[in-house]
Amino acid sequence: MGHYAGAGDPARTESALETLAEIRSEAQATVERTQETVADLQGRLDALGPAPGEGAPPERAEVRQKRNKLERDLSSYKSRKSLAELALARASSLQERLSREERTRLIAHLLTQGPLPYLPG
């Protein structure tokens, strides 16, 4: 397995796990916030109805400008949400990997037989 911050050092591993937990928390909050905004923007865009098709009379300039702005904003917030979901998935993956490697290290340490305390020297 690859090296990671804290490999073999329980204090650094714990620190890395805490940092990853903070990142996950922030990413989850961002996903939730952007999901609410995406829903709001989509609802407002839906309220405008579909854009006029070919051969239909064009919509008023104010409506077209509002639709374009809503579409741009919606695209931007969907991108933010996707990036937050990616950060969340990556932090979760790293957290699982660190935890697994720390457990493996601990088990190996526990299974290593050292000198018995009741036998002399």
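I took helices (H or I, at least four residues) and strands (E, at least two) as DSSP runs, numbered from the N terminus.

**Basis.** I worked on a predicted model, in which local features need pLDDT of at least 70 and side-chain atom pairs count only at pLDDT 80 or more, while totals for chains, interfaces and linings use all residues. I numbered residues from 1 along each chain as its sequence is written, and side-chain values use heavy atoms, with hydrogens and water left out.

**Overall form.** I found two helices and zero strands in the protein. The radius of gyration of the protein, taken over C-alpha atoms, is 26 Å, well over the 14 Å that the globule rule (2.2 Å times the number of residues to the power 0.38) gives for 121 residues, so the protein is more spread out than a compact globule. Along the principal axes, I noted that the C-alpha atoms fill a box of roughly 100 × 20 × 15 Å. I called a residue buried under 20% relative accessible area, exposed over 50% and partly exposed in between (1.4 Å probe, protein chains only). Buried residues make up 21% of the 121 residues.

**Salt bridges.** I applied the rule of a side-chain nitrogen of Lys or Arg within 4 Å of a carboxyl oxygen of Asp or Glu. The count by this rule is seven salt bridges.

- Asp 73 and Lys 69 form a salt bridge at 2.8 Å, N to O. I placed both in helix H2 (residues 61-111), four residues apart, about one turn of the helix. Asp 73 is partly exposed because its relative accessibility is 24%, and Lys 69 is likewise partly exposed, at 41%.
- Arg 97 pairs with Glu 101 in a salt bridge, with the closest N and O atoms 3.2 Å apart. These two residues are four apart in helix H2, so about one helical turn separates Arg 97 and Glu 101. Arg 97 counts as partly exposed at 23% relative accessibility, whereas Glu 101, at 12%, counts as buried.
- Arg 67 and Glu 59 form a salt bridge whose closest N and O atoms are 2.8 Å apart. I recorded both Arg 67 and Glu 59 as buried.

**Negative patch.** I joined like charges within 9 Å, using residues with over 30% relative accessible area and no salt bridge; Asp and Glu count as negative. Glu 14, Glu 18, Glu 22 and Glu 26 gather in such a patch on the surface. I located Glu 26 in helix H1 (residues 10-48). Glu 26 is exposed, with a relative accessible area of 56%.

Methods: Patch = residues over 30% accessible without salt bridge, like charges linked within 9 Å, V, L, I, M, F, W, Y side chains within 5 Å. Areas by Shrake-Rupley, 256 points an atom, 1.4 Å probe, with all protein chains shown as cover. Charge placed at Lys NZ, Arg CZ, Asp CG, Glu CD.
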